[in-house]
Amino acid sequence: MTAVTAGTAAEATMETTAEGFEAAFDAAVAADERIEPRDWMPEAYRASLVRQIAQHAHSEIIGMQPEANWISRAPSLRRKAILMAKVQDEAGHGLYLYSAAETLGTGREELLDKLHTGRQKYSSIFNYPTLTWADVGAIGWLVDGAAITNQVPLCRCSYGPYARAMVRICKEESFHQRQGYELLLALSNGTPAQHEMAQDAVNRWWWPSLMMFGPPDDESAHSAQSMAWKIKRHSNDELRQRFVDICVPQAEALGLALPDPDLRWNEERGRHDFGAIDWAEFREVLKGNGPCNEQRITQRRRAHEEGAWVRDAAAAYATKRRAGSVPAEDGVRMMEATA
Ligand SMILES: [Fe+2]
Ligand SMILES: [Fe+2]
């Protein structure tokens, strides 16, 4: 038997009290360790993560709609295959993220219900329409580009399952960003009409993509606490600035202009200055008054209702598997046949 010293006994007592749990959590966050599903965590930390991860998951699956709109009209087989792969990736991102939320004790059904009834939000960027084929390029370059800028620091988020999901998501997002850039480059170097179409798409997507970083720091309700918990690592304005600085030389290489007369290099700051964002528009879209809010949520509800038979079949199959009445191999074949 090991002798218990006064110190370790005191530590053991500490660890089993509420203050002890909180101290252990704070110490783990301070030491940049990961918080895992079975670890004690403050309820506010759990709720904040569920809110953020749910909003992120919803954005991934709603974000499939504006681009899926162009799958049947992609100009070549190659472009169609690339776009289909990208839209499928976004569905996969939604699934990783709903799974990450499940590790916090909140089920997918509940989160989807909140999305369908407007009690949880998705990124306001997906309430804008995709009017031309060039929009697919602008979304890849700017929207996926902004998403990467936001999400790379989340790979170091204090909550383990979210951080790990983000590692894989970011790898796929960087493919999305490059396909958008390459698509725009082809259009920009194409006929005058194609160039004009690419420029028009960039004109329409530039400002909404800057809004993706969220409200300015002094108006951001959740930022300070999220940074203290190391869920977020950088402020909204800091990430927005980083994104602008990345995009300026890329726009030059594309031969496309960014639609901001105030955009210029600031020698003193070593960053680009840029014009004022129309936050009134942002708030209107958030309130549900964007061009496509209604359409997006109606389509999502319909997809959910029409997919009920798939969920029922999967649940019935899982029950049979548990009862041992379906061999594993048949299950694989069945899933392939219904995929
Ligand atoms: Fe994604
Ligand atoms: Fe993406």
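Visitor: What share of the contacts in the protein with a separation of 6 or more comes from residues 24 or more positions apart?
Guide: That share is 76%. Keep in mind that this is a predicted model.

Visitor: How many helices and strands does the protein have?
Guide: There are 15 helices and two strands.

Visitor: What box do the C-alpha atoms fill?
Guide: Roughly 85 × 65 × 35 Å, taken along the principal axes.

Visitor: And what percentage of the residues is buried?
Guide: Of the 339 residues in the protein, 46% are buried. The accessible surface comes to about 17,500 Å². Carbon and sulfur atoms hold 57% of that surface.

Visitor: Let's turn to the metal. Which residues are the protein donors of the iron ion (ligand 1)?
Guide: Glu-60, Glu-90, His-93 and Glu-173. The glutamates use OE atoms, and His-93 uses ND1. These donors lie 2.0 to 2.2 Å from the iron ion.

Visitor: How are those donor residues spaced in sequence?
Guide: The pattern is E-x29-E-x2-H-x79-E. Take Glu-60 and Glu-90: they sit 30 residues apart and link distant parts of the chain. Glu-60 is in helix α3 (residues 43–62), while Glu-90 is in helix α5 (residues 77–102).

Visitor: Why is the arrangement around the iron ion (ligand 1) irregular?
Guide: Because the four donor atoms subtend angles of 86 to 139°. A tetrahedral label needs all angles between 85 and 135 degrees. For comparison, the ideal angle for four tetrahedral donors is 109.5 degrees.

Visitor: Which residue bridges the iron ion (ligand 1) and the iron ion (ligand 2)?
Guide: Glu-90 does. The two iron ions lie 3.4 Å apart.

Visitor: Is Glu-90 buried or exposed?
Guide: Buried, at 5% relative accessibility. Glu-60 is buried too, with a relative accessible area of 7%.

Visitor: New topic. Where is Met-227?
Guide: Met-227 is in helix α10 (residues 223–228). This methionine is partly exposed, with a relative accessible area of 32%.

Visitor: Which residues is Met-227 in contact with, leaving aside neighbours within four places in sequence?
Guide: Lys-232, Arg-233, His-234 and Ser-235.

Visitor: What separates the C-alpha atoms of Met-227 and Cys-157?
Guide: A distance of 9.7 Å. Along the chain, Met-227 and Cys-157 are 70 residues apart.

Visitor: Last one. How many positive and negative charges does the protein have?
Guide: There are 38 positive and 47 negative charges. Their mean positions are 5 Å apart.

How values were computed
Residues are numbered from 1 along each chain as its sequence is written. Chains are lettered from A and ligands numbered from 1 in the order in which they are written. This is a predicted model: local features need pLDDT of at least 70, side-chain atom pairs count only at pLDDT 80 or more; totals for chains, interfaces and linings use all residues. Side-chain values use heavy atoms; hydrogens and water are left out. Donors are N, O and S atoms within 2.8 Å of the metal (3.2 Å for Na, K and Ca); water is not among the atoms, so sites may look incomplete. Four donors count as tetrahedral if all angles lie between 85 and 135 degrees; four count as square planar and six as octahedral if opposite donors are over 155 degrees apart and all others between 65 and 115; anything else is irregular. Helices (H or I, at least four residues) and strands (E, at least two) are DSSP runs, numbered from the N terminus. Buried means under 20% relative accessible area, exposed over 50%, partly exposed in between (1.4 Å probe, protein chains only). Contact means heavy atoms within 4.5 Å. Accessible areas come from the Shrake-Rupley method with a 1.4 Å probe; for residues, only the protein chains shown count as cover. Lys and Arg count as positive and Asp and Glu as negative; His and the chain ends are not counted. The place of a charge is taken as NZ of Lys, CZ of Arg, CG of Asp or CD of Glu.
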